[in-house]
Amino acid sequence: MPSTAHWSAYDGRHRRPRAEALRASCACGWRGAAEYPLDWDAIGDEPLYEADVDLTGPLADWNAHLSLVRDKAAPLPEPLAALLVEIAEQLTATTADAPMAALRAAGVLERIAARITREAAGALSDDGVSAEAVATGLGTTRSKALMLLLTAQDG
């Protein structure tokens, strides 16, 4: 049976339980400490995804978590960060004017990214950098970091 952690699925429909509260969470495994109760008297029988549920608290908690993750992540050199912003802006503009060209450029970037990912992950693996350190440096999960390191070893 398919399952989900998405909050809107737990409204008592389709044999799923009704959530009592919302709590922020992240793919990295982090769970917010605060719980935000759901007022089922106000929600009624409406599906949660259609209800006017206040997500301010959980979103604030999640954004605070993301700020901490970004603060721990490896910083990008300023010229590289500026270049990436410029590339994103150029691709966005090109998508509006010439979507086929934008798609072609995105494919070129994917191939460059795949090659650089293998090379950089290989260098980290060769240096004995742990999956935990890579996860922290990238702001991702340990399992994703481990997959990057293992993929580099296969290449």
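These notebook entries record what I looked up in the predicted model above.

**Entry 1. Conventions.** I number residues from 1 along each chain as its sequence is written, and my side-chain values use heavy atoms, with hydrogens and water left out. As the model is predicted, local features need pLDDT of at least 70 and side-chain atom pairs count only at pLDDT 80 or more, whereas totals for chains, interfaces and linings use all residues.

Entry 2. I took helices (H or I, at least four residues) and strands (E, at least two) as DSSP runs numbered from the N terminus. Two packed helices are described by the angle between their axes and the distance between the axes. I used axes fitted as lines to C-alpha atoms, for helices over the stretch in contact, with angles from 0 to 180 degrees between N-to-C directions. For helix H4 (residues 99-126) and helix H6 (residues 142-154), the axes come within 8 Å and cross at roughly 100°. H4 and H6 are therefore roughly perpendicular to each other; the classes are roughly parallel under 35 degrees, roughly antiparallel over 145, roughly perpendicular from 65 to 115, and oblique for the rest.

I then listed the contacts, meaning heavy atoms within 4.5 Å. On the H4 side I found Thr 117, Arg 118, Ala 121, Gly 122, Leu 124 and Ser 125, which meet Leu 148, Leu 149, Ala 152 and Gln 153 of H6. By class, the contact of H4 with H6 has 5 nonpolar, 4 polar and 1 charged residues. Here Ala, Val, Leu, Ile, Met, Phe, Trp, Tyr, Cys and Pro count as nonpolar, Asp, Glu, Lys and Arg as charged, and the others, Gly among them, as polar.

**Entry 3. Helices H3 and H4.** The axes of helix H3 (residues 78-97) and H4 come within 6 Å, and I noted a crossing at roughly 145°. From H3, the residues Ile 87, Leu 91, Thr 94, Thr 95 and Asp 97 meet Pro 99, Ala 101, Ala 102, Ala 105 and Leu 109 in H4. The contact of H3 with H4 has 7 nonpolar, 2 polar and 1 charged residues.

**Entry 4. Nonpolar cores.** I defined a core as a set of buried Ala, Val, Leu, Ile, Met, Phe, Trp, Tyr and Cys residues joined through side-chain atoms within 4.5 Å. Buried means under 20% relative accessible area, exposed over 50%, and partly exposed in between (1.4 Å probe, protein chains only). The largest nonpolar core has 8 residues: Ala 19, Leu 22, Leu 38, Trp 40, Ile 43, Leu 48, Ala 51 and Val 53. Another core, of 5 residues, lies apart from it and includes Ala 131, Val 134, Ala 145 and Leu 149.

Leaving out residues up to four places away in sequence, I found that Val 53 touches Trp 7, Leu 22, Leu 38, Ile 43 and Leu 48. With the same exclusion, Ala 51 touches Ile 43 and Glu 46. Ala 51 lies in the loop between helix H1 (40-43) and helix H2 (56-72), and at 14% relative accessibility it counts as buried. I also noted that Ala 51 and Ser 8, 43 residues apart in sequence, are 9.2 Å apart in space, C-alpha to C-alpha.

**Entry 5. Cysteines.** My search of the whole structure found 0 disulfides, a disulfide being a pair of cysteine sulfur atoms within 2.5 Å. The sulfur of Cys 26 is 3.8 Å from the closest cysteine sulfur, in Cys 28, which is too far for a bond. Cys 26 counts as buried at 18% relative accessibility, whereas Cys 28 is partly exposed at 35%.

**Entry 6. Positive phi.** His 14 has a positive phi of about 55° although it is not a glycine. I placed His 14 in the segment before strand S1 (21-22), and its relative accessible area of 62% makes it exposed. Arg 15, also not a glycine, has a positive phi near 60°. Arg 15 lies in the segment before S1 and counts as exposed at 81% relative accessibility.

Entry 7. Gly 128 is in the loop between H4 and helix H5 (131-138) and is exposed, with a relative accessible area of 59%. Gly 128 and Arg 118 are 10 residues apart in sequence and 15 Å apart in space, C-alpha to C-alpha. Ser 130 lies in the loop between H4 and H5 and counts as partly exposed at 33% relative accessibility. I found 8.3 Å between the C-alpha atoms of Ser 130 and Leu 146, which are 16 residues apart along the chain.
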